Amino acid sequence: MAFRWSSSLLCLVAIAMTPASAQQERDPLAPLPDLPPSSQPTPRPVRTAPLSSPVPVSVARPVVLSGFGSYKNVLAARARAAGVREATIGAVIPYLSQNARVIALDRQQPGGPPNSNFIPPFAPYRAQHVTSDLINRGAARFQSGRAQMRWLEQRFGVEPQVLLAIFGHETSYGRVTGNFDLLEVLATLAYEGRRRQFFEDEFIAALQLLDRGTPRSRLKGSWAGATGYPQFMPSNVLRLATDGDGSANIWGSEMDGLASIAAYLRDAGWKPGIHWGIPVRVSPSLNRAAVRTTLVPPRCPQVFRRHSRWLSMREWRQLGVIPTGQAIPEGEMATLLEPDGPSATAYLLTSNYRAILDYNCSNFYALSVGLLADRIAAGG
């Protein structure tokens, strides 16, 4: 899915461990608990009116909201502060419910133990996401739409096979875009609290899409809040949805979906005319400690720490790192990634690989997109 993180990411599993001394403190990101019956506020006694005053027939008791019901008031206040129309707020927020399936899926995300160095092998992921079906359908689309592919590359400077690879990876070329109600998903994930600020912002962006005229029926997507052919988060729909054939419709137009993916990658720094990366053969004598990066990235640290420091292709050749197929210009900068460790397949990656990582900050994702793109361009 496409989203800009101030974290990254999509990263997806967080396990909090609280010291005994802090167990009395409330986690500010924890969901608001439903109050047990015993803790409901006791109404104050109603004073008897003086005999000279009219005696009220009944006294209305205030409705006490807790848990998700109270949190919806928080969302409404945020929406008003962001300028969302009151009619939109009233038509959506009071009717929201928590989605238990979304919470279950969020908590089942795979990953190793916190702060561990566990990295699963790349081959099973590659086999699942670079399939003969995706290759063949992508190659057929690439061949039949060559004029459209050239137009996309000329307009955005992005390799069109990469656009098709992301389209195929995200939605199987439009077959699977998700049927979760986007507003319900985003409110549920925000309330759950693991990434509250992020999902609250996306919830507000989804309301703004409604304000702009997007029908509620279109706002369907994945359990994680991504929507349309590009699987954009709502904020990216607002910012980057692009018209490719008459009117920007990332839910119904393949060209709009591809153009929007291209706009995203261009915005993420895609450099025209440069390939994303190439497989290489690494000399057994390579001193990996000498090329280890010392940079500390502001996001996705576990993703980027697996990359070497930047060297030119010429410098890599001098170190015995040799391309096994397509070449990259000698002066181009690249980083080395060995997804399964030394003595296995390795890749030199350009800055355009980083643009794919911006779409989804996972080395396995970006590698599989790049490899699928290469097979699409090769015709299968």
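Reader: Which order do the strands of the open sheet have?

Author: This is a predicted model, in which local features need pLDDT of at least 70, side-chain atom pairs count only at pLDDT 80 or more, and totals for chains, interfaces and linings use all residues. Residues are numbered from 1 along each chain as its sequence is written, and side-chain values use heavy atoms, with hydrogens and water left out. Strands here are DSSP runs of E with at least two residues, helices are runs of H or I with at least four, and both are numbered from the N terminus. The open sheet has five strands with antiparallel pairing, in the order β4-β6-β7-β3-β5.

Reader: Which are the edge strands of this sheet?

Author: Two strands pair if DSSP finds at least two bridges between them. An edge strand pairs on one side only, and this applies to β4 (311–312) and β5 (321–323).

Reader: Which residues of strand β7 are buried, and on which sides?

Author: Buried means under 20% relative accessible area, exposed over 50%, and partly exposed in between, with a 1.4 Å probe and protein chains only. In a regular strand the side chains alternate between the two faces of the sheet. Strand β7 (residues 346–349) is covered on both faces, the buried residues being A346 and L348 on one side and Y347 and L349 on the other.

Reader: Which residues have the most contacts inside the largest nonpolar core?

Author: A nonpolar core is a set of buried Ala, Val, Leu, Ile, Met, Phe, Trp, Tyr and Cys residues joined through side-chain atoms within 4.5 Å. The largest has 89 residues, and those with the most contacts inside it are L183, F203, L207, L265 and Y359. Another core lies apart from it and has 14 residues, among them V280, V282, V291 and A334.

Reader: With which residues is L265 in contact, leaving aside its neighbours within four places in sequence?

Author: Contact means heavy atoms within 4.5 Å. With those neighbours left aside, the residues in contact with L265 are V158, V162, L163, I166, W270, A355, I356 and Y359.

Reader: Which residues does the disulfide join?

Author: A disulfide is a pair of cysteine sulfur atoms within 2.5 Å, and a search of the whole structure finds one. Its sulfur atoms are 2.0 Å apart, and it joins C300 to C361. C300 lies in the loop between β3 (277–282) and α12 (301–304) and C361 in the loop between α14 (351–359) and α15 (363–378), so the pair ties together parts that are 61 residues apart in sequence. Buried are both partners, C300 and C361.

Reader: With which side chain does the side chain of N99 form a polar contact?

Author: A polar contact is a pair of N or O atoms within 3.5 Å; within protein, one must be able to donate a hydrogen and the other to accept it, and residues adjacent in sequence count only if both atoms are side-chain atoms. N99 lies in the loop between α2 (86–92) and α3 (100–107), and a polar atom of its side chain is 3.1 Å from the backbone nitrogen of V102. At 2.9 Å, the side chain of N99 has a polar contact with that of E184.
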